[in-house]
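Colleague: I am new to this structure and would like to understand the words used to describe it. Could we go through them slowly, setting each one against its definition?

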Amino acid sequence: MAFDVIIRGGTVVDGTGASPVRADVGITGDRITTVGNIPMSASESTKTIDSTGLHISPGFIDVHSHADAALLNDGQHASGIRQGVTTEIISPDGLTLAPLSAENYKLYRWYLSGILGFAPEGLDMSSIEASRKNYHLKTACNVATFAGHGPIRLEAAGMNDVPLTGKTLKTAQNLLRESFEQGAVGFATGLSYYPHSWSDTDELCALMEVAKEFDRPMSIHLRNHHKERAFGDGGVPEAIEVARRTGTKLHFEHYRTFPKTAGQLDRLMEPIDKAQSEGVDITLETYPYPVGSSFPQAFFPGYFHEGSPEHMLNILTDEGKRTELIARMGEISYTSVKGNVWTHIGEGGNKNFEGWLFEDVAEEWGVSIEEMMCRMMVETSLACGMRVAPPGNVQKWRQVEEDIMQLMARPDYMVGSDSIPVGGMPHPRAYGCFVRMVGRLRRRYNYPLEQVVQRMTQNPAERFGLTDRGVIKEGKFADLVIFDEQKITDRSSFEDPKVHPEGIPYVLINGRLVVENEAVTGVMAGYAIP
Ligand SMILES: [Zn+2]
């Protein structure tokens, strides 16, 4: 057997949850061709990696990545691959840039700039197939995509608060079907985001009837907006109702406790356990941090988002309309405006406020927090994003982390970073999610390595149908992470988020080294999969 790469002397954690074993790994082309003892005489390989004292696992699969635009701007994607992430699943929350006509691409690219940053202008994103071509072998990591509710609804009915019925529903269903035929790995929606928050439960069911033809799950960010349109007032009951009514698979995005509910795992999991016991097929994901990240639009009620970004800016700049908008912010049950930090401030000279609390900027400007948010959106032309500040109560923070590691013990869990690799002060999960779990938290709570690895590899590969990935076995793709299980840890923090981890000297994607000696190699080895 001729190998292109031999990894010698390491311990293999194969992704299945089996105990680690000492084995060499031989790679030919983009596949693993041998796992076991490779005799020294088989040295005709072009590259040998000495991994004595190190562990080798399948590459990590991120089931919730907002790197849609970041990957198009910088295919190197060091923030992900340095953590051992070899596959990014983009378009969670239904937020993505395909399938979109040229005109709608322009509109949605702008609308989403607070979360995704600005994707390159003028790309052909008219279908999932066209989108995949923009990533294939142009990024270091593999890219899979959900069919996003946002673009599909935008194509069918514009940025308008109208129900999808008759012709518009047919258009959406056809676009979704075409997206699955072209390789989308699931249907993703996020009911704090637009245009998809204008949907009701019936619409979700009608779309999932299409997903059922392909046996693909719905990945859902639970409803915070327009709860009156939802079965059971939205949230978990609505998601379960859709799965139940249509007989489809369900995947919960970022499902965990919060500082306020720390320690209450029984309450959190009760409806999930109940639905599972009644036969609903459910998986879940989380990231290992106590707080999230988003963009300020998510705080504003539905009518604000109608039409186009120009329209939104008109409301924000007209004093009367802005006053009414602020008065109506209470219509949605979103988190408090207080206690948020600007992560990303695009244009307009306010960049120095990245890392500032909302209330501090408001005080600086001598206005209310809500007025400050409106002004920031105007001055950046909507290109601004935020995250929540971590709790001052470190005990609560620790309890949430303990909860999360307990959730990871469940066989139905996997990891989604929810990373937003944009701006000067991003949420630290963009650089640290996977390593924080495999390193710091695993060691703190003494969790089995093979179990945490299984949640990040085999689980997501099986759930989202990523062919021949997620385990180390002969014949599978050579997506591999080589790490020191004692040293591996995150170094990104809330006050210094853009720092790469340590303890991962090598990462291979499709048989090619994308990280060597803890540095990126520049190789664009990623495929558009599945
Ligand atoms: Zn998200």
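Modeller: Let us begin with pairing, where two strands pair if DSSP finds at least two bridges between them, and with the elements themselves, since helices (H or I, at least four residues) and strands (E, at least two) are DSSP runs, numbered from the N terminus. This is a predicted model, in which local features need pLDDT of at least 70 and side-chain atom pairs count only at pLDDT 80 or more, while totals for chains, interfaces and linings use all residues. Residues are numbered from 1 along each chain as its sequence is written.

Colleague: What makes β9 and β10 a pair?

Modeller: Four bridges join β9 to β10, and the two strands run parallel; the definition asks for at least two bridges, and E88 is found opposite V143 in β10. On its other pairing, β9 (residues 85–90) is joined to β8 in the parallel sense over four bridges, with I61 opposite T87 in β9.

Colleague: What is said of the two faces of β10?

Modeller: Both are covered, with N142 and A144 on one side and V143 and T145 on the other, and all four are buried. A residue is buried if 20 or more other C-beta atoms lie within 10 Å of its own, exposed if 12 or fewer, and partly exposed in between, with C-beta atoms placed from the backbone. In a regular strand, side chains alternate between the two faces of the sheet.

Colleague: Why is F214 called partly exposed?

Modeller: F214, which lies in the loop between α8 and β13 (218–221), has 18 C-beta neighbours inside 10 Å and therefore counts as partly exposed.

Colleague: Why is α8 called oblique to α9?

Modeller: The axes of α8 (residues 201–213) and α9 (residues 235–246) come within 9 Å and cross at roughly 45 degrees. That angle makes α8 oblique to α9, because angles under 35 degrees count as roughly parallel, over 145 as roughly antiparallel, 65 to 115 as roughly perpendicular and the rest as oblique. The contact involves T201, L204, C205, M208, E209 and K212 of α8 together with E238, E241, V242, R245 and T246 of α9, residues being in contact if their C-beta atoms, placed from the backbone, lie within 7 Å.

Colleague: How do you know that β20 pairs with β7 and with β21?

Modeller: Four bridges join β7 (residues 55–58) to β20 (residues 480–483) in an antiparallel run, and β20 and β21 (residues 506–509) pair in the antiparallel sense over three bridges. V481 stands opposite S57 and also opposite V507 in β21. These strands belong to an open sheet of seven strands with mixed pairing, ordered β3-β2-β7-β20-β21-β22-β23.

How values were computed: Axes are lines fitted to C-alpha atoms, for helices over the stretch in contact, and angles run from 0 to 180 degrees between N-to-C directions. Two residues are in contact if their C-beta atoms, placed from the backbone, lie within 7 Å.
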